[in-house]
Every structure is written in structure tokens, then in C-alpha cells.
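Keep the sequence and the 3D view open while reading.

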Amino acid sequence: MVTLRRDASTERYQPNMPDSPRPSWVTDVQHAVQTWLKAEGGDRPSGEGKATKVGVARRAMDRGDGWFTVPAKQGTFDDTDIDDAHLAPANGAEEIRFNIREAVQDQGRLYVRVAPHAPEAGLYLWKLSRPAGQLVKSLLEGLSRIDGSGLVSAFGRGTPDPLPQLRPVPDGWNFNEGQRAAFTACAASGLHLVWGPPGTGKTTVITRFLEHAVTSGKSVLLVSSTNVAVDNALERAAKRMRPEPGVMIRVGTPHLTEIANNAAVSLTKLKESRQADKEAELHDVEAEIADLHAVIAEYEDTRQRLADFDVDFYRAALDRIEITERVNRLQRETHDHEGLIRSLAAELSTAEKEADAADLAWRPAAEAAARWQQVDELRTEIDEHQRRRDAARIRVSDAEARRARVERDLSELDGGGFFHRLGNRKRRHELTDALEHASHDVRTAREDFRELYAALSRQTERAEQEVARLEQANTGFPRHSIAELRARRDRAADRLSGVQRRCAEAEAERIRLGDRLAHARAQPQATDDDRAFVAKAGAADLPRQYAELPQLKKRADAAGKETKPLDTKRERLERQLAELGRDAERALIKEATVVAGTLAMARMKRPIWQRTYDYVVVDECAAAAIPEVLFAVSRARVGAVLLGDFMQNAPIGSKKLEKTEPRVRAWLAPRDCFSFFGISSAEAAQRSPGCVVLTEQHRFGAELTRLANATAYGGVLRAASRTARNEIIFVDVDGLGLPARVQPDPKKDGWRRGLWSVGSLVAGALVQQAAQQESNIGVVTPYNAQVDLTKSLLADSGLGELADVGTSHRFQGREFDTVVFDMVEDGDGWVAKARLVEDPKDGGEQWALSGLKLFNVAVTRAKHRLYLVGNGTAVDRARRGPLLAVRDGIKRGDIQVAGVRDILDNLPAPETLTGVNLTLWEALSQFVRYTGLFDESDVPEQLVDHIGRAQRSIWLWSPWISTASERFLPELVAARDRGVDVRVVTMPKWGLKSETEQRAHDELVAALPHTVFLTDQHQKLVVIDDQTTFMGSMNVLSHPGQGGRRETMTIVESAAFAASVLRFERVDELVRVRKCPNCGKRLRVVTFTEQIKNPTLRWMCRSGSSKAALCWRGPEFPPLAGARNQRPLRRNGGQQRR
């Protein structure tokens, strides 16, 4: 056994090489890998370090901050790319990049975690390109360290070690005899093989062995060619054991969420736990950066939203809109004012009439009013006379009263004694004088009164006489009548004056409005574009955002300045974390009891291959190259076991190695490690003393077990349960009238035969139906071209997340509740020609065997339901291989049959359907619209309606032209007249027999100048607006008007399907305007070459109307992947790519 020593200069473990030279077989395997490396270009200068864009990254909101999903195409990214991968914008990582911190594959989708402040959109996954053949080179470096001794010596012998006596196992494990033997192989010393078809309990054995090893303190390296196989075993073991963190570790990208989230097993989680403090520090920095980026993002988002916002145009448009609104407002005001003027004119006329009538009524009363005024004046005069008499009388009374007071005072003075009188002599003289004066005043007042009274009496009498006369004169005009007439006249005059004033004001306002309107009209007016621009800007709130933009920029600039030192700190912390991570990774892998990863990861990660292990377990070994299995085994000290199924997919080899020397081919694909040890059949496996055979089937029911036995296992499988059942449905697509085929891309699929696209169509319909019941659905196809079309169809229908779609290599080791296997071919393809070949001698036999393995992998992925989508005719005529097994299964009743054409032709009401026919009806009715059945007198009105609504293009293939063109030709012409690009492909005139057909042909050509004639064409297709495809057995332009068989038409609403149809039919060439180099006429005729298989297309020119009048024949159409004109390559063993 080889021992290892640590080389201090290189920090690598190097084998202690014995003095004797290495065995020749070691030299052979190293030479084989060296040849392989050269074939991969490993001897040429490489572009190492160049970043390659893998795919767009979309936020995975359900997983939390910083998580993105990347729909990377099959084979473009694997877990060995993770360490140097990053997210960056479409133009690269020069300005910003986000390193991948965690990655997980779940249901065929890649999820990656980066810094939480990464923007939600605009990022792509980038990986650093590896040197050409780097994985092979790493394998070669690993093999250079082995000397051929120890467990790997079994490869030199070409035989595994014999299995020792079976080990006892606990009763609770419920192992059958085969599983007990397999467990013994895992725990024994030496190298052993375990052949176990799918579902026979290999993963259960590995799980129990891992549990046993951990309990026993034995180290184990668990590797596989697929991630999912590693995760399945590890997940079960971890679930049972609940190990302490770091006892079992998963290196690489988990494909099970349970492993990715298991903090005790996931290497990523374990590293994070050892770096918690530094992670927390980084998290705080990133939180600050995220806040600052949010400010910057707000500014950038606003700026982007305002990028097309022309504020000057907006303001000018607002001004023009305001002016136009002002014009409209002034026009409304002018219109309303003109109505007011008209109203005032009518009111003025009425007021004038009322004033005239009031004046007329007032004239006879005017003199009476003057007399009544005189009466009032006379009465006032009489009253004044009376007042004056009364005043004169009062003066008399006042004079008499004064005299009486003087007389009283004098009498009182004289009535006193002598002395009293003597003492008041002076007073008596004064009173005597006063009495004299008072008597004089009385006389004077009386005289004045008598004179005034006489005069006033005469005047009063005259006035009263005049009043009487005037009142007598006004007997017919009482005072109240005069007052009413005067009031009427005054009111009419006031109203007339008011109306006249308002009319004058209204006229002045009319002139002012006219001036304002003329001025407004003279300015620029708003257009529809102005209104649309302002409305759109307002709806998007752009004016407000524009107003806030300067302030946002200030904040963003400040945030940018603050971000720079934080970014520097973040980068420093990331470097520290990376270094800590590498240290933690080395320590974790060194200390772990169980290390699990892929074979590629095992040789790419130095900490894995630097150490040795007590045991090495290689699962899915049949899919791995022999040298990489050998290198994994070299890491074992005690024992190694290789588990797999040689009837599953073999390792993929390079075509460049097909003709290499035998000693090279002996070690390389498509040979697997079972065939290397002489095991390529069930009998050989059972004969080998070093190979354990597992035959009890636990995953499938009896139906699928019988199908697998008949296909690949020769009857050795036994169903563990008599009650478990699988539902297997063969969906027969024969007779649908779907001529479009997907041409595999030679760069991807290695050959160029045509594949019917109906398989992708039906598969998509079945996915949609199955998704209503189950969440785990897989669609398996032989070719990458089918994968691309099926994915596109599902994406077009919004079903892209419902199923995982891929070739069989991608699904090896996985299982699904429902599997849809699209094996639709033309009866001469990979599956149809597949057969069991125990020891392939050439490329043809290897190709046949690989087809059988492809079928076997596809059907054994299903746990509950399996749909086989294929051609019933190919199954009926099969004489061997998988299709014969399908036919026998149908006869036994294991496989139900659902004919798509039968269901559509009978057009049953859904309530009359049961079982699988109902399921298929429901699937197709949701995914494909079926227009119905048409006898010879019907016309599919849906087609007419779609033609009438076409906006961009119409492509119509109809071999024959007859009376039905009278119905469709006007619709096609109308479409052409409204700008639709109308193209018709039909038979040339010399292929038409009747005069009616030839006349219809001439009318078609005259009406539609883009008509092209294709010889021997049978397509019945209409593709409208690159979205809607009508197809079936109905010749649209020749459908007779009476009697005949019923025809079908089907609608598919899918841009991807329409694109595949148009691509296959070579519209890239048919749209070209070409002229004959001989006669100069426009070329209209396309013909097939004379090949029997896969004839190609070319332009041709006829000098006359006969078929034989050949003027010129052009070269073949240039090849186009996914289209006609693909020549078949020679069959060989390199047909498929991962």
C-alpha cells in the first residue's frame, strides 16, 4: 500500500514511491489521460482567467436577501466554477462585482447568494474560464501520484477483490440479502463493485454504511459523478444520525435544499459558523453600504426614469396646453357672452316697450298731478295761515298775561301798610311803568292780531276756494291712481336705464374678449403629442421627481463618498473571510469523518485529495470515466466500493479519441468501470465474485419493473411490493398532421436527423396537466434541441417553473413523481434503433447501446407516473429494443394508450371521457386550442378570423389550390392591403391537373406576388404574426365544397413553436428575392434534391410551364441548425452532449 508524506516546499502530500518502476498499466492509464487532455486542447495556450457570462441573475425573493437564481443552460456551469464565480453587470466586473458566498442547485435551478445590497436587476452570473482541459489536467496530476500499489492494483489485475463473508446487520435495517452483501462490500477491505439498477436500494446501503463508519470512527470519502447522488445519501444519513457539526461535510454545490440548509453538514454553513464574528462585522458594513446604495439607487432610478424626460419640452408643452385651454375657455366665454348680449338685446327691447307704455299712460295724468301738487301747496299755505293766526293769538295771550302779572304785583304792593308802601316807592314806580308798557303791548298785539286775522282769513278763503276748484278738476284722477302711474313710469325708466348700462358693459366685454382670444390664438397651440407627453409624465410623477432630482443627487453624491471607504473595508473583510474560509475549509475537511462531493470536486479541492480515508464510496460509477474513479480509489487505505448501473448512461467521451490506440480506449469513455472489470450484463455481474447484484426493486411498481426488465435488465429485477403500481401512458402522436421538425444542432447533439416538434408540444401540455397534482415533474428528451424547444414552449405559456427539462445525462441519479419522456422521432432515430449490445465492437453498436441506456435512464426516473410520447407506427413495427418492450407492455396491459388523433377526430364531449383519455384531453385542451373537425363543406372560421386580425405576417402552406381559394383569397388580399406581409407556399402549376386548379393558381399568383412554389410539398400550415400556428390535414386553399373525409385543424399559441416551424420550413431563404442568372426572371420554385433520405432544398427556374423545361438549378440552401437542409452524419458513439 502506498504511504503519503508531506512535502514542505509544496505543502502537498506526495506518495512514497518504491524503488521499482511503476506497473505498465499505470503508465497506460496516465498515457490515456494525457491523450484525453490533448484532445481537450490542454496542450494549447489557454484563456485562463477570462470572465465568461453564464446567464442573467434574477432575484429569488423567497430565499431572502442576496439570493439570485440563474437559469444556466445545461453544461455551462458546475460546482467547480463556484469559487471564482461572481455577479456583475452585463458589461463585466470592472465597476462592480459581487462574489458568490453560497450556491445551491434545487429542482434543476441554480441559486447563488451574494451581498444583500446587490441590486435586484441588471446582474449576470460570470465565471472565470478554466484552461482547456483543466479537469482532465487535474486528473492527470492526481494519477501521477499513484504507483499502482494498494487498492488501485485491482485495476491492474482487471478484477475486483472477492467479497468476504457477509457481515451481520441490525434487524431494524430490514435489508434483503443483496443489500446485506452490498453493505459488506462497503465495509470490507479491498475493492468491490455493487451493480444496482435504479430503485434497488443502493442509496439506502450507502446511508447505513455512513452511519456505521461514523459510529466506528472510520473516515469515508463519498463521491459520485452527480451531485444529486451525493446529496441523496448524505441527506438520509444526516437525517438519521443528526451528527455533530463537521462530522459529515458536503463539499461543493448541494442539489438538495435540505443539505444546503443543514448547518451541521454544509461546508458553506460550517465555514460561516467559524467566521461568525467576522461575518457579523461584514454584515454591519454591508448594511451600511446597502443603506447608502439605496440612496444612490434612488437617485439612479430617478435619473433613469428621467433620462427621456425633456423638461424644456414638458414646460413648453404645458405652456401650449395652458394657451390652448385659455383659447378654449375664451371661446366658451365668448360664446356664452354672445348669448348674454342676445339676451340683453331682447331685454332692452322689452324695457323700451315698457317705458314707452308707461310714458303714454302718464301723459293724461300729468296735469292732474300738477293740480294735486297745487292742492298740496295751497293746503300747505292754508296751514301756514292758520299757524300765523295761532301765533298772533298766542302773542296777545302772552301780552295779556304779562300785564296781569304786573297788575297783581302792584295790587299786592298797594295792599300793604304805609311804611310798606313808603319803603317800596321805587318799586311801585317801576311796576306802574311796567303796567303802562304791558297795557301798550296788549293793545298793540290785539291790533296786530285783528289786522293779521282779517288778512289771513281773506287769503285762506281764497286758497280754500282754489283747492275746492282744483279738487273738483281732479275728480277723475284720484291721488292713488296718479301715484301708481308715476311709480310705473319711474320703474320702467329705471329698468330701461339699467338694461342700457348692462348692454354697454356687455359690448365692452365682448370687445375685450375678442382681443384676448385673438391674442391667445396667435400663440403656439397644444398638439396631441403635447397632451400625451404631459399625461404620461404626470402619470409617472416625473415633474415632481425632476424637481427633487437635485436634492437626490446631493444625497447620492454624499452617499457615494461615504461608500468608497466602506467598500474598501468590505473588500478587506471579504479577503479576510476568504482566507479564514480557506483555513476553515482545510481544517474541516481534515477533521471530518465523512467528506462528500463530486469526483471532479475531489480532485480539484486540494484539502480533499491531500488526505487519505479509510474507505472510499463511488456512487453512479458507471457514468464516470475510469481514470477518475481510479484516482478516487487511490485515496482509500482500507476499502473502496463502486456502486452504479452499467445499463444507465455511460461516461461521455470525445469523438477525437475514437480512433486512438487500444491501450488508450481501454481506459476512456464510453467504456465504464463495470465493463473495465468485464461486467456488461446481468449474467456477468452475477458471476463476478467481487460484484454484488441488487435486484429487488423498491421505487417502481410491477408495471415499470417489467418494462425495465424487458428493455435492459433481462428479467433480473423483482418488485419488492406486490401492491405498488405505476401509471404508464403511451401518448401516440401519429396522424396529427404536424410536419415541423426540430433539427438538432450538430454542435450540441452531434448529428443532424430531424425530430418531430410535436413531442415538445404534447410534453408541454402534459406538464401543465401534471403540475395540478404533483410538484416534481421531469421532462426527458434525447436531444438538446428538444430541450430548447420544450423550454421555450413552457416559457411562452408561463409554465417555465413547473418542470425540469433536460437530456437523460442531466437527470441521472434523480427521480420525479411524474416523468414525460419525449421520444418522438421519424421511426429511424436514436430510440427506435436502440438495442442491447453486451460488448459493442464499433460506433454503430455503441450508438445502439447508448440509445437503450438513454431510454432506460428516462423511464426509470419516474416514481408514480410515466408518459411516453412517441409514434404509434414506430412502436407497431418495432422488432427489438425499447419500442418492442413498449409494444409488449401495451399488449400486457401495463401501458395505457392515448391517441391524440383519435381523441381529436372523435371530438367527444369531456364528460364522456375517462381515465388516460380524459387526462390527455384536459392537457391538450389547456395547452393547444383545437379548432374542430371540418367536412368538405365547412370552412374553419377561426382561421378566417385570425387572418382578418393579422397585423404583421401570414405564412400559409397549402399543397393544392382549388375552389376554396375563393373564400380565403379575398381575406389574404385584404391583409396584404393593410400592410401585412402575406406569403403562400403551394404546388407549382405543372403539378395541378384540372383547369379549375390552374385557374385558381393564376389568380393566386396575380393577387399575391410573394407566392412560392415547392415541389412535392405536403405541409398544411398557417403561421400568423409569428405567434399562432394552425396545422392539420386540411388543405386550406383546395378544400372542396362537397363530400369527403373529415379534416382536422389545431391551433398552437406559442411564439417559440411558431419560430421552430418557420425555421424548419426555411423561411430565411423563401423570403429572399432571387433572379435566375440565365433568364433574369424572378425565382419562384423551390425543389428538393434527389436524395432519398433527408433531401435538401434549392431554387430552380423553369423556362416554361412544364416540369421538364429546366432553365437553371441553384445550389443547396446553406445549412441552418433547426431547419431543413441538414445532412445526416455517420452514426457513432458520440451522439449526445450533456
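Trp372 has its place in helix H10 (residues 311–414). Helices here are DSSP runs of H or I with at least four residues, strands are runs of E with at least two, and both are numbered from the N terminus. This is a predicted model, in which local features need pLDDT of at least 70 and side-chain atom pairs count only at pLDDT 80 or more, while totals for chains, interfaces and linings use all residues. Residues are numbered from 1 along each chain as its sequence is written, and side-chain values use heavy atoms, with hydrogens and water left out.

Is Trp372 buried or exposed? Trp372 is buried, because its relative accessible area is 13%; buried means under 20%, exposed over 50%, and partly exposed in between (1.4 Å probe, protein chains only). Neighbours within four places in sequence aside, Trp372 is in contact (heavy atoms within 4.5 Å) with Glu471, Asn474, Phe477, Pro478, Arg479 and Ile482. The C-alpha atoms of Trp372 and Ala473 are separated by 9.6 Å. Along the chain, these two are 101 residues apart.

## An exposed phenylalanine

Phe418 lies in helix H11 (residues 418–423). Phe418 counts as exposed because its relative accessibility is 52%.

## A covered helix

Helix H18 spans residues 626–633. Eight of its eight residues are buried. Among them are Ile626, Glu628 and Phe631.

Strand S36 (residues 1097–1102) is mostly covered, with six of its six residues buried. In a regular strand, side chains alternate between the two faces of the sheet. Leu1097, Trp1099 and Cys1101 point one way from S36. Arg1098, Met1100 and Arg1102 point the other way.

Which strands pair with S36? Strand S35 (residues 1085–1088) does so in the antiparallel sense, over four bridges; pairing requires at least two DSSP bridges between two strands. Thr1087 stands opposite Arg1098. Strand S37 (residues 1110–1116) also runs antiparallel to S36, joined by four bridges. There, Leu1110 is the bridge partner of Arg1102.

## Cysteines

How many disulfides does the structure hold? The count is zero, a disulfide being a pair of cysteine sulfur atoms within 2.5 Å. Cys673 is in no disulfide, and the nearest cysteine sulfur, that of Cys621, is 3.3 Å away. Cys673 is buried, with a relative accessible area of 0%. Cys691 is in no disulfide either; its nearest cysteine sulfur is that of Cys621, 9.0 Å away. Cys691 counts as buried at 8% relative accessibility.
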